Amino acid sequence: MYKILVLPGDGVGREVVGEAEKVLKKVASVAHLVFETKEAEVGGASIDRNGVPITADVLKQAKDSDAVLLGAVGGPKWDQLAYAVRPEQALLALRKELGLYANLRPATVDPSLIDVSTLKREIVEGVDILVVRELTGGIYFGTPKGIEKTRDGSERGFNTETYSTHEIERIALKAFELARKRRRKVVSVDKANILESSELWRRVVSGIGKRFPDVQLSHLYVDNCAMQLIRNPKQFDVIVTTNMFGDILSDEAAMLTGSIGMLPSASLGDTHALYEPVHGSAPDIAGKDQANPIATILSVAMMLRYTFQLHDLALAVEAAVRGVLKEGFRTQDLAEDSKQTVPCSKMGDLIVERIKH
Ligand code: IPM
Ligand code: MG
């Protein structure tokens with residue numbers, strides 16, 4: 001029996017997570033497994049009820065579960081609050097408290113969606129990139145940070161980009177191990193031409209690279225990587241990078257696939273794991289049954305693969321997604337022609353129907 005904590009969060013979070021839960025149910029029934037799911041509030045939903053983005057009790061429930069499935073947090077309603085109590089803090093607390101240092105964001109272009117991308121067919125066809133983003137360090141968590149008054153009566157805002165040897169080593173190891181199961185190429189992304197933290201990053205990643213002579217390692221500055229992702233994305237296999245650079249580059253990589261509504265993620269630590277779509281809460285379409293549930297459903301596939309080691313079932317879910325897209329069904333973010341458009345809930349049902357084991 002597996003214990004899953006479900007955290008729908010805000011905006012479209014509830015809708016997409018609902019479809020992912022249908023998938024979990026179907027998987028459980030075809031494979032005769034039991035997934036015990038519990039639901040809790042995080043983000044704006046938790047702020048409204050409890051005054052904080054995540055309660056100690058929910059954090060404990062997350063620690064007690066085998067895996068966490070999260071929808072999205074945030075929305076305009078809570079944007080005026082102080083940073084410490086914004087919805088986004090729920091995510092940061094979960095990442096830090098559960099030790100989820102490795103964020104895997106695979107950007108693969110589905111053959112049926114090549115023409116949905118804003119880039120040319122020959123550029124995106126066959127793209128298969130895994131962004132490995134460091135998730136519990138860097139400028140997101142570094143201290144000192146804050147906004148202070150200056151002597152001239154003005155203000156100064158500041159954050160600290162910091163990486164220790166240990167933090168770099170463990171994320172680099174993860175990237176190299178994953179590359180071994182793929183095309184054996186790692187590109188490490190930094191800004192070593194100006195940042196000391198990047199100088200150390202590059203040195204430590206190179207050191208780990210020596211232990212993986214069968215994996216080809218190269219380094220790119222982040223600005224060049226941003227350009228290369230659009231110019232020739234097929235050159236990439238695994239990209240390993242810092243928290244902030246990974247945040248930015250993974251959104252860029254997502255757009256190669258046609259829509260950010262397609263991108264799943266896994267956040268892994270040594271003892272815990274959290275799965276969530278890369279897209280946010282999309283308040284403009286929330287509650288309209290228009291969201292694309294595929295990123296969350298593919299996050300469930302990642303959960304089956306990485307937490308439960310149920311590789312065949314992960315493949316079965318991914319095959320069902322590919323099948324539905326091949327048949328021409330689209331959510332509105334993917335539609336080239338509005339005739340094909342199905343609502344979020346229908347897309348979920350279509351995928352569920354096609355899961356075979
Ligand atoms: C992401 C998001 C988050 C991040 C926000 C919501 C805190 O953009 O997961 O990419 O910046 O990490
Ligand atoms: Mg982001």
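I began with R133: one of its polar side-chain atoms lies 2.8 Å from an oxygen atom of ligand 1. I call this a polar contact, meaning a pair of N or O atoms within 3.5 Å. I looked up how much of the ligand is covered. Alone, ligand 1 exposes 320 Å², and the protein buries 77% of that (Shrake-Rupley method, 1.4 Å probe).

This is a predicted model, where local features need pLDDT of at least 70 and side-chain atom pairs pLDDT 80 or more, while totals for chains, interfaces and linings use all residues. Residues are numbered from 1 along each chain as written, chains are lettered from A and ligands numbered from 1 in written order, and side-chain values use heavy atoms, without hydrogens and water.

I checked two further side chains. An N or O atom of R95 is 2.7 Å from an oxygen atom of ligand 1. For D247 the distance is 2.9 Å.

Next I listed the shell around ligand 1: E88, L91, R95, R105, R133, Y140 and D247 (a heavy atom within 4 Å). Five are charged, two nonpolar and none polar; Asp, Glu, Lys and Arg count as charged, and Leu and Tyr are among the nonpolar ones.

Where does ligand 1 lie relative to the domains? It lies between domain 1 (1-120 + 259-357) and domain 2 (128-255), because both give residues to its shell. The bounds come from an automatic or database assignment.

Last, I looked at the domain centres. They are 24 Å apart, taken over C-alpha atoms. The contact (heavy atoms within 4.5 Å) takes 22 residues from domain 1 and 22 residues from domain 2.

Notes: Polar contact = N/O pair within 3.5 Å; in protein donor to acceptor, adjacent residues only side chain to side chain.
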